[in-house]
Structure formats: structure tokens, C-alpha cells
Amino acid sequence: MAQSRTHRIILAQPPGGPEVLTVETRQIPDLQADEILIQSAACGINRPDQIERLGFYPAPAWAQPGLGLEVSGVVVAVGAEVTTFRTGDEVCALVSGGGYSDYVIAKAGAALPKPAGLDLEDSAGLPETVFTVWANVFESGALAPGETFLVHGGTSGIGTTAIQMAKAHGARVIATAGTKDKCSLCRELGADVAINYREQDFETVCQDEGGVDVVLDMVGGLYVQKNINILKQGGRMVSIAFLQGSRCEIDLMRVMLKRLTLTGSTLRARPDSEKARLAEAIRARVWPWIEAGRLKPVIDSRFALGDVRSAHQRLDGGEHSGKILLIP
């Protein structure tokens with residue numbers, strides 16, 4: 001079958017709500033020596049896509065044009081220096097842009113083979129969340145087996161992945177969510193304690209549970225001091241988003257007395273070599289969990305690529321659990 005010379009990409013110009021998203025057909029760029037071209041089976045939607053659509057998360061200068069940070073599909077072309085993949089391979093990949101497309105260009109180092117036993121479409125829900133959780137919870141947060149881990153937003157794409165990865169690693173998991181049903185899902189995924197933050201104070205519950213060793217925070221604002229309050233001696237808090245704002249006032253005395261580590265990161269702007277290093281670690285440590293059935297992407301819904309506005313309306317509404325996929 002002849003490869004297409006064009007592909008659809010999704011643009012948000014000007015920034016705004018889902019109504020600004022448009023589909024544009026463009027020529028597929030030539031591959032660089034370290035890149036692969038993937039004919040998409042599915043494209044994952046993530047919260048950073050929403051922030052970029054709103055105009056607050058510009059893509060790096062080197063990124064392919066268009067929204068989208070992850071994809072799964074079949075390799076249809078490889079760059080001159082690529083030795084890890086061949087045409088016909090089923091893969092999923094983390095990309096810095098252009099992931100909502102029929103054909104996606106990815107750095108070979110940031111691609112991974114589709115895990116055995118997992119549907120190719122569903123594999124599109126892995127890269128952004130697994131890379132993020134591994135880099136932040138396991139590397140920056142240094143979560144150890146037997147420690148207690150708290151993740152806010154337990155039914156988000158990141159949250160559902162973090163719960164499962166932490167449990168597979170042997171940690172005790174506490175998750176927060178906003179409804180009874182979402183709390184039930186957190187427990188189904190392995191959370192030992194699920195806190196409905198609309199009805200309970202997560203700080204009080206976590207204190208009653210003996211405190212936590214690692215917090216993955218996506219809320220910011222007033223949550224930061226509460227996270228500090230519940231961390232044990234030597235605890236670590238890793239910030240990856242701030243839905244309640246990036247500015248807050250904290251009591252540094254507690255940080256000092258408990259010898260806490262407060263850190264954070266973004267993933268998209270990391271150099272290709274760093275993403276390739278993460279991919280190697282993930283393939284060695286996380287892929288066996290998936291292939292053993294201990295971790296799988298939670299898929300909320302699927303939309304046609306051309307219906308991307310409806311998909312983002314679903315994202316904006318906040319009622320989803322797990323990942324939303326676009327199907328080209």
C-alpha cells in the first residue's frame with residue numbers, strides 16, 4: 001500500500017476553547033536521520049494539549065506543528081540512522097507536537113514497541129502518562145516499595161497510570177478524586193485509600209493514615225502546604241501541574257524540620273537524549289508490568305480525528321476517567 005504524502009494536523013489558532021480547533025492537511029515533512037514515521041492507529045489526548053490550545057503552553061521550536069503528544073500505530077518509514085525499528089513494527093511514541101495526525105513523525109529514541117497483549121489503539125494512552133509518572137514518581141520522587149504514595153486526580157490519565165505503577169512497584173497508594181464513582185475506580189485500579197475531596201479533607205485523612213512519603217501534585221495553590229503537612233520525615237513532593245495556580249505561600253520551617261524535598265518538572269522540553277534514556281528505563285521496568293497484566297491504560301472514550309472539538313469538550317468538562325483517544 002502506497003504511503004500518503006499528506007497528513008491531517010490539528011491547529012488551535014487563535015487560542016481559545018474547543019471551537020478554535022481546526023483540521024488542516026499538509027505535506028508530510030522529510031524524515032530526519034533519527035526519526036520514524038508512524039501511520040496512526042490512535043492519538044492520545046492530554047491535559048497539556050488543553051493548556052496549549054488555550055495559549056499557555058507553547059511548543060518547543062523543534063516540535064512538529066499541531067497539537068498532540070502521543071501516538072500508537074505502525075512504522076511506515078525510518079530515518080537513515082534508525083536501527084531499532086523497521087517498517088511494519090507496531091509502536092507507541094512520545095512526541096513534542098503533531099501527535100493528532102494520520103501520520104506522525106517521532107524520534108526513534110522516544111518510541112517503544114507495542115506491549116505484548118495490549119491493543120494497538122489502547123497503546124496510544126501509554127507514552128505521555130508512563131513517561132511522566134516514571135520520571136517524576138520513580139526518578140525525582142524515588143518511590144520505594146513499602147512507602148506510601150499520594151496522587152491527586154486519581155482518575156486522570158496521569159492518576160490512573162500512577163496508581164497502577166505504584167502498586168506494581170509495591171507501594172501503598174492513596175488517591176484523591178471528586179466523585180463516589182471516581183473513588184471506586186481508584187480502588188479498582190489498586191488504591192488502598194480513595195478520598196473524595198469534595199466530602200473529605202485529604203490532609204486529615206492522610207494524617208490519620210500515618211502520613212505519606214511521596215506526593216504527585218497536579219493542583220498547586222493551597223494544596224502545596226497541605227502536602228507539606230502530611231509528608232513524613234524525608235518525604236518528597238513532585239509538582240507537575242497547578243490547576244489552582246503556580247503561586248502559593250508555604251511554611252519553610254516544616255520543610256527544614258522534616259528534611260523534605262520539593263521538586264517538579266516538565267517533560268516536553270527535555271532533550272531527545274533524555275527522553276531516549278527514559279524510554280530505555282520504561283521498557284526495562286514498566287513494559288513487563290503491562291505484559292503481566294498489572295498495568296493498562298484506562299480508556300474513557302474514542303472520537304474520530306475530525307471530531308477533535310467534541311473530544312476536547314469532553315476533556316474540558318472534567319467528567320472523563322482515564323484517557324480520551326482520537327482515531328484517524
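Keep in mind that the model is predicted: local features need pLDDT of at least 70, side-chain atom pairs count only at pLDDT 80 or more, and totals for chains, interfaces and linings use all residues. Residues are numbered from 1 along each chain as its sequence is written, and side-chain values use heavy atoms, with hydrogens and water left out. As for names, helices (H or I, at least four residues) and strands (E, at least two) are DSSP runs numbered from the N terminus.

Let's begin with strand 1, residues 6-12. Five of its seven residues are buried, so strand 1 is largely enclosed by the rest of the structure. Buried here means under 20% relative accessible area, while exposed is over 50% and partly exposed is in between (1.4 Å probe, protein chains only). Strand 1 is joined to strand 2 (residues 21-27) by seven bridges, and the two run antiparallel. Two strands count as paired if DSSP finds at least two bridges between them. If you look for L11, you'll find it opposite T22 in strand 2.

Now jump to strand 5, residues 90-94, where four of the five residues are buried. Strand 5 runs antiparallel to strand 4 (residues 70-78), with five bridges joining them, and E90 in strand 5 stands opposite V74. Strand 5 also pairs with strand 7 (residues 111-113), again in the antiparallel sense, over three bridges. There, C92 has L112 as its bridge partner.

Next comes an open sheet of six strands, in the order 10-9-8-11-12-13, with parallel pairing. Its edges are strand 10 (193-196) and strand 13 (261-264), each pairing on one side only. On average, neighbouring strands of this sheet are turned by 15 degrees against each other, direction ignored. Strand 9 (residues 172-177) and strand 10 share four bridges, and A175 sits opposite A194 in strand 10. Helix 4 (residues 180-188) packs on the sheet, touching strand 9 and strand 10, and its direction makes about 165 degrees with that of strand 10. Helix 3 lies across strand 8 (148-151), strand 9 and strand 11 (212-217), running at about 170 degrees to strand 8. Contact means heavy atoms within 4.5 Å. Angles run from 0 to 180 degrees between N-to-C directions, and axes are lines fitted to C-alpha atoms, for helices over the stretch in contact.

What about helix 6, residues 223-230? Seven of its eight residues are buried, among them Y223, V224 and I228. These buried residues pack against several elements, including helix 5 (202-208), strand 12 (231-239) and helix 7 (252-257).

Finally, look at how two helices meet. Packed helices are described by the angle between their axes and the distance between the axes. For helix 2 (residues 127-140) and helix 3 (residues 157-168), the axes come within 9 Å and cross at roughly 60 degrees. Residues of helix 2 including V130 and W134 meet residues of helix 3, among them I158 and M165.

V286 ties in here too. This residue lies in the loop between helix 8 (272-285) and helix 9 (287-291), and V286 is buried, with a relative accessible area of 0%. Not counting residues up to four places away in sequence, V286 touches V130, W134, M165, A281 and L295.
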